[in-house]
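Biologist: I am new to this structure. Please show me how to read it.
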Amino acid sequence: MTNAWLAGSLVAVVAGVVGFFVVLRGATFAAHGVPLASFAGAAGASVVGVPAVVGLAVFSPVAAVAIGLLGRRRRSDVVTALVVAAMLGLGALFLSWTVEYASEIYALLFGEVLGVTGTEVWLSAALTGAALLAVATLYRPLLLSSVAGEVAEARGVRTARLELLFLVLMAVVTTLAVPVVGTLLMFTLMVGPPAAARAFVRSPLAAMAASVGIALVTVWLAIALAYETTWPIGFFVGIAGAAWYVLARVVAARRR
Amino acid sequence: MPPVRVLTVEGATVTFGGRRVLDGVSFSVEAGEFVGLIGANGAGKTTLFRVVLGLLKPSAGTVRHLGRRVGYVPQKVAIEPDAPLRARDLVALGLDGERFGVRLPSRSRRERVDRMLEAVGAAAFADARVGTLSGGEQQRVLIAHALVGQPSLLVMDEPLANLDIKSGHEIVELVARLAVEQDLAVLLSAHEMNAILPHMDRVVYLAEGRAVSGTTGEVIRSDVLSELYRYPVKVLDVDGTVVVVGGHDVKVR
């Protein structure tokens with residue numbers, strides 16, 4: 001149970017921070033696409049008999065880089081959709097080859113936070129540290145290129161390279177979070193809390209902090225409720241993500 | 001002592017897919033000068049800016065900068081109303097927004113940002129979200145972002161395109177005043193030139209990839225402009241203000 005709390009908290013912190021940029025850059029489709037595509041990796045891992053996280057660690061950066069490189073000169077939403085479709089197709093094939101129980105596939109899709117092991121928590125902590133370090137390093141150019149790409153370019157920021165780095169960062173978060181919240185619900189955490197946070201605060205750093213706070217409360221509530229009710233954690237995370245956003249809209253509307 | 005040329009473009013040529021977008025463009029901008037880049041849509045103004053900013057390498061010709069850095073103000077930014085970014089955050093990114101790593105807030109940085117916001121008349125909305133500001137207010141914030149790093153050249157891409165007449169004139173007057181105060185050269189593109197005429201020292205006219213450069217008095221004349229636009233254009237004096245109008249049916253009463 002302690003492991004579940006730790007892993008869930010790490011996921012919330014990193015999803016809250018990276019999600020701030022996902023929402024600011026309008027990259028929610030990619031934030032949905034990378035975890036979905038990584039499903040093929042998890043399924044492939046079970047075929048060859050290695051832990052799912054290894055498959056995630058390989059496939060999510062591949063998907064992220066494919067989306068980034070192929071989307072440069074073309075419609076990036078179309079490219080994202082096709083990369084995801086191809087990867088899901090591959091995932092379906094891998095699944096047909098495995099002898100995994102349905103419950104494990106279900107856990108991949110919707111998360112299984114209560115089954116997190118101590119080793120996985122350590123791995124999560126290391127990846128969280130790396131992701132936070134990356135965000136701290138890229139913070140200013142990433143912020144500027146997210147809100148005013150042309151201006152960033154004129155200042156010498158390599159915006160295309162930065163976009164690619166950001167997608168890889170999303171892949172790291174995916175690897176970290178999918179075992180906990182599942183591929184389908186992963187982007188709930190990367191979109192719901194940061195989108196809601198915008199209604200409450202006005203500055204970038206405050207929004208990032210609020211986003212982390214909301215993500216933490218979401219995950220803690222979801223773990224507690226999943227434990228009490230034996231309903232899937234994904235149900236609570238998904239509903240909470242949307243509920244926060246509705247609450248934020250109400251707050252924003254009242255302020256005007 | 002001859003004036004310092006902060007920007008010298010010589011024979012800049014850019015070819016896209018066999019089409020010459022810029023064809024041997026040459027002009028220079030001297031320190032403190034207010035230069036208008038005039039040209040019809042598609043004449044190559046944006047391409048020339050990309051060359052000046054170093055984002056596009058010309059296939060022939062050279063671009064030389066002297067002095068401090070270049071500040072750039074885009075035509076507009078697309079920032080949603082609820083994006084958590086205050087005017088002061090965007091101006092602070094003008095100090096060193098391209099750098100990696102963490103920068104802790106300091107009093108001197110805050111003071112520089114405050115002074116700049118004050119100078120562009122944006123102090124009143126310094127803590128408002130950029131996305132909720134009007135076009136003219138956003139333009140002021142973008143100018144503050146570009147100038148807070150104390151460039152020697154300010155490049156503005158169609159700053160008046162999205163503004164009403166009043167805001168447009170206010171922005172031009174602001175830039176002209178800052179240019180004097182901060183020893184700043186300005187290169188500003190526009191297809192509607194009336195607002196910038198009173199402040200413009202020199203004109204670079206761009207048509208079909210070629211540039212003609214001259215003082216405002218040399219270029220802003222009915223015969224010269226009509227020839228350049230290949231369309232009847234009249235330069236009129238209306239109560240002491242020079243205005244440029246186009247069209248066959250322009251009659252001077």
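Modeller: Start with contacts. Two residues are in contact if their C-beta atoms, placed from the backbone, lie within 7 Å. Setting aside neighbours within four places in sequence, Met170(A) is in contact with Val18(A), Ala30(A), Ala31(A), Val34(A) and Ala64(A). This is a predicted model: local features need pLDDT of at least 70, side-chain atom pairs count only at pLDDT 80 or more, and totals for chains, interfaces and linings use all residues. Residues are numbered from 1 along each chain as its sequence is written, while chains are lettered from A and ligands numbered from 1 in the order in which they are written.

Biologist: Which residues touch the most other members of the largest nonpolar core?
Modeller: First, the terms. A residue is buried with 20 or more other C-beta atoms within 10 Å of its own, exposed with 12 or fewer, and partly exposed in between. A nonpolar core joins buried Ala, Val, Leu, Ile, Met, Phe, Trp, Tyr and Cys residues through C-beta atoms within 7 Å. Here the largest core holds 165 residues, and Val11(A), Val18(A), Met170(A) and Val173(A) touch the most other members. Helix α1 (residues 2-24) of chain A gives the largest share, 14 residues. Helices (H or I, at least four residues) and strands (E, at least two) are DSSP runs, numbered from the N terminus.

Biologist: Why does this core lie between two domains of chain B?
Modeller: Domain bounds come from an automatic or database domain assignment. Domain 1 (1-69 + 151-219) and domain 2 (79-149) of chain B both give residues to the core, so it lies between them.

Biologist: How many helices and strands does chain B have?
Modeller: Chain B has seven helices and 11 strands. Of its 253 residues, 41% count as buried.

Biologist: What is the strand order in the open sheet of chain B?
Modeller: Strands pair if DSSP finds at least two bridges between them. Six strands of chain B run β5-β6-β7-β3-β8-β9, with mixed pairing. The edges are β5 (70-73) and β9 (210-215) of chain B, each pairing on one side only. Four bridges join β5(B) to β6 (residues 153-156) of chain B, and the two run parallel. Gly71(B) stands opposite Leu154(B) in β6(B).

Biologist: Where does Gln182(B) lie?
Modeller: Look in the loop between α5 (165-181) and β7 (185-190) of chain B. Gln182(B) has 15 C-beta neighbours inside 10 Å, so it counts as partly exposed. Leaving aside neighbours within four places in sequence, Gln182(B) is in contact with Leu147(B) and Gln150(B). Gln182(B) and Gln150(B) are 32 residues apart in sequence, yet 7.7 Å apart in space, C-alpha to C-alpha.
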